[in-house]
Amino acid sequence: MNIVIEHNPSSIKLAELGVMSWPKWSCQPGKYALVFEERETCYLLKGKVKVYQKGSSEFVEFGAGDLVIIPKGLSCTWDVSLFIDKHYKFDPPTSL
């Protein structure tokens with residue numbers, strides 16, 4: 001699973017990326033099946049999640065204070081243990 005996690009990025013890096021101007025998304029604890037049609041970069045303000053790639057028992061865990069890059073095409077289950085509140089952005093679709 002090619003999820004990239006940067007723990008506690010600097011406030012300078014977050015400002016350079018414009019993270020606080022990105023849209024927000026939140027969800028309650030539970031299990032969610034997701035497919036990422038585009039690469040997503042997100043910054044978790046609150047929460048904790050284990051991400052299981054479809055068909056695998058291995059997981060990647062991240063939470064509040066993490067900057068995360070989720071690859072395009074990932075089919076997975078988010079097992080949310082603590083309420084998620086995050087800023088996110090998708091890479092623009094690439095043209096052929």
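Predicted model: local features only at pLDDT ≥ 70, side-chain atom pairs only at ≥ 80, totals over all residues.
**Entry 1: the cores**

I began with the nonpolar residues. The largest nonpolar core has 17 residues. I listed the ones with the most contacts inside this core: Ile 3, Val 49, Val 51, Phe 62, Val 68, Ile 70 and Trp 78. I then looked up which strands contribute. At least two residues of this core come from each of strand E4 (40-53), strand E5 (59-63), strand E6 (66-70) and E7. E7 gives the largest share, 5 residues. Another core, of 5 residues, lies apart from that one, and I noted Val 19, Trp 22, Tyr 43 and Leu 67 among its members. In soluble globular proteins, nonpolar side chains tend to be buried together.

**Entry 2: Phe 62**

I took Phe 62 from the list for a look at its surroundings. Leaving aside residues up to four places away in sequence, Phe 62 touches Ile 3, Ile 5, Leu 44, Lys 48, Val 49, Val 51, Val 68 and Trp 78.

**Entry 3: Asp 85**

Next I looked up Asp 85, which sits in strand E7 (residues 75-90). Is Asp 85 buried or exposed? Its relative accessible area is 12%, so Asp 85 counts as buried, the limit being under 20%. I checked for a polar partner and found one: the side chain of Asp 85 makes a polar contact with the side chain of Lys 24, at 3.2 Å. With residues up to four places away in sequence not counted, Asp 85 touches Lys 24, Trp 25, Ser 26, Tyr 43, Leu 44, Leu 45 and Lys 46.

**Entry 4: Asn 8**

I went on to a loop. Asn 8 lies between strand E1 (4-7) and helix H1 (11-17). Its phi is near 50°, a positive value in a residue other than glycine. The relative accessible area of Asn 8 is 61%, and I put this residue down as exposed because the limit is over 50%.

**Entry 5: the cysteines**

How many disulfides does the structure hold? I found 0. For a disulfide the sulfur atoms would have to be within 2.5 Å. For Cys 42 the closest cysteine sulfur is in Cys 76, also at 11 Å, and this too is too far for a bond. I looked up burial as well. Cys 27 is buried, with a relative accessible area of 8%, and Cys 42 is buried at 0% relative accessibility.

How values were computed. Residues numbered from 1 in each chain as written. Heavy atoms only, no water. Helix = DSSP H or I, 4+ residues; strand = E, 2+ residues; numbered from the N terminus. Buried < 20%, exposed > 50% of the residue type's maximum accessible area, 1.4 Å probe, protein only. Polar contact = N/O pair within 3.5 Å; in protein donor to acceptor, adjacent residues only side chain to side chain. Contact = heavy atoms within 4.5 Å. Core = buried A, V, L, I, M, F, W, Y, C linked by side-chain atoms within 4.5 Å.
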